[in-house]
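Please examine the structure shown below alongside its sequence. The report that follows takes up several of its features in turn.

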Amino acid sequence: MKLNGLSRLMVAAIMSLTSAGAFAFSLVVAGGDDRQPLAGAPLMTANGTIKGLTDERGAIELTEADLPATVRYMGYDDATLTAAADTVFLSPRAFELSEMVVQPEDRPVLKLRCYIREYTTAAYGTDTLQLFGEYMSDYFLPAKKVKGFKSNTATIRVQRQRMRHKNAEGLDSISRPTDEDEFLSWAKLCGINPATKTLADSVREGRTAIVPGKQSGDYATLRLAPDGKVIYTCDLLADHKGHHWEPWIFKLLGMTIDATEMRSQNIFTLADDATYGPSTLQMCSYAIGMTIKSKWVKRAFHTKEPIKTYSVIEIYPVEAVYLTVEDAKAAEKEYDIRDITPSPLAPPLPANITEMLEADV
């Protein structure tokens, strides 16, 4: 078949892209149990960097140069992609649910001790930073209004962090993060909702409850999985104009943060009285994508460009006990924990993370 000039040009362009490993494709990530798209799923390349997060359709744009890559999503087994594909279905991860905690009437504050993992990738210019952190943290969650217990953010008891710095010139170094690197860590700000709620009959019968966002998409969805887990997902930016959020508090610190992705997922067991809440929480995750603009951050990292970051925070409760108000206030000041104890529900660490933790730094 004879090609005209335009056809020859198109063929040459396609061959050039393919030979350079730049063939682009769109991948959709979905659950293997219900075939529903999974939004906020991180895709990690072979060197451990987070390429990006799936959007509300479960889609993400890739090139063959990104392969092999691993898709992760809380409650599902990891899947490794070695060739271009249009869809990957994640298999639900089987795990034994822990027992529920019963609240005594005179003990209104739940102390939830959690094992936390944090994965962050920051990219600017030709440089890439990877932050990994392990934490043991306490949350003090009131079952009702209790004076002095309004925050549901983490109280970090012990932590272990590593940072990896790579660039196009061949740099590959592993170190402990410094104070200047603290802006990359969001684990301390990720909270747990203290409210206990009753699951609607319609959801128990198999329907998905949906709360629409004030600006775009669905703000929250609630469903009962085939194995009996209650799954609550939330798009934290669905109420923000343009699906963007610039927290004003950071502007006071001379930093502009443009958040473009903030999603959370919670997995609960269902109590006998059809309720779910922090005492039945099995695991929680946050997926965050944002761009950081700051003169002092740019100076610290010797770049003139904004820094694009992706973060995934996984929270696994390992101990739960209800306390009196007096005991809870005393427990807030206790630092009795010295070791990091991973939850049995947490999947094995990726090889590149193990390498970072075992490095002599």
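Is H243 buried or exposed? The model discussed here is a predicted one, and in it H243 has a relative accessible area of 15%. Because buried means under 20% relative accessible area, H243 counts as buried. This residue belongs to the loop between β15 and α3, the latter spanning residues 248-251. Although H243 is not a glycine, its phi is positive, at about 55°.

A274 also has a positive phi, near 65°, and is likewise a residue other than glycine. The loop that holds A274 runs between β16 and β17, where β17 covers residues 275-276. With a relative accessibility of 6%, A274 counts as buried. A further backbone feature involves L67 and P68: the peptide bond from L67 to P68 is cis, and its omega is near 0°. P68 lies in the loop between β4 (59-63) and β5 (69-71).

Strand β10, residues 155-166, pairs with strand β11, residues 172-175. The pairing is antiparallel and extends over four bridges. Within it, K166 stands opposite D172 of β11. Five residues lie between the strands of this hairpin, and G170 has a positive phi near 100°.

In soluble globular proteins, nonpolar side chains tend to be buried together. The largest nonpolar core in this model comprises 44 residues, and I116, Y139 and I315 have the most contacts inside it. Two or more residues of this core come from each of β8 (109-124), β9 (127-142), β10, β16, β18 and β19.

Which residues are in contact with I315, leaving aside its neighbours within four places in sequence? They are M74, C114, Y115, I116, Y139, C190, I192, M283, C284 and Y286.

## The largest pocket

The largest pocket has a volume of about 810 Å³. Its lining is made up of 39 residues, and those closest to the centre are P37, A39, Y73, T221 and T233. By class, the lining of this pocket contains 18 nonpolar, 12 polar and nine charged residues.

Which strand supplies the largest share of this lining? The strand is β14, with six residues. At least two lining residues come from each of β2 (42-45), β14 (218-224), β15 (230-235), β16 (256-268), β18 (281-293) and β19 (307-323).

## The second largest pocket

The second largest pocket holds about 330 Å³ of space. Its lining has 18 residues, of which I192, N193, Y232, N266 and F268 lie nearest the centre. The elements that give two or more residues to this lining are β15, β16 and β18. Of the elements, β16 gives the most, with three residues.

By class, the lining of the second largest pocket consists of 11 nonpolar, six polar and one charged residues. One of the residues nearest the centre of this pocket, I192, is also among the residues in contact with I315.

How values were computed
Residues numbered from 1 in each chain as written. Predicted model: local features only at pLDDT ≥ 70, side-chain atom pairs only at ≥ 80, totals over all residues. Heavy atoms only, no water. Pairing = 2+ DSSP bridges. 1 Å grid on protein atoms, 1.4 Å probe; cavity = no way out; pocket = protein on both sides within 12 Å on 5 of 7 lines; lining within 4 Å. Points joined across faces, edges and corners; volume = space filled by probe spheres on them. Nonpolar A, V, L, I, M, F, W, Y, C, P; charged D, E, K, R; others polar. Core = buried A, V, L, I, M, F, W, Y, C linked by side-chain atoms within 4.5 Å. Buried < 20%, exposed > 50% of the residue type's maximum accessible area, 1.4 Å probe, protein only. Contact = heavy atoms within 4.5 Å.
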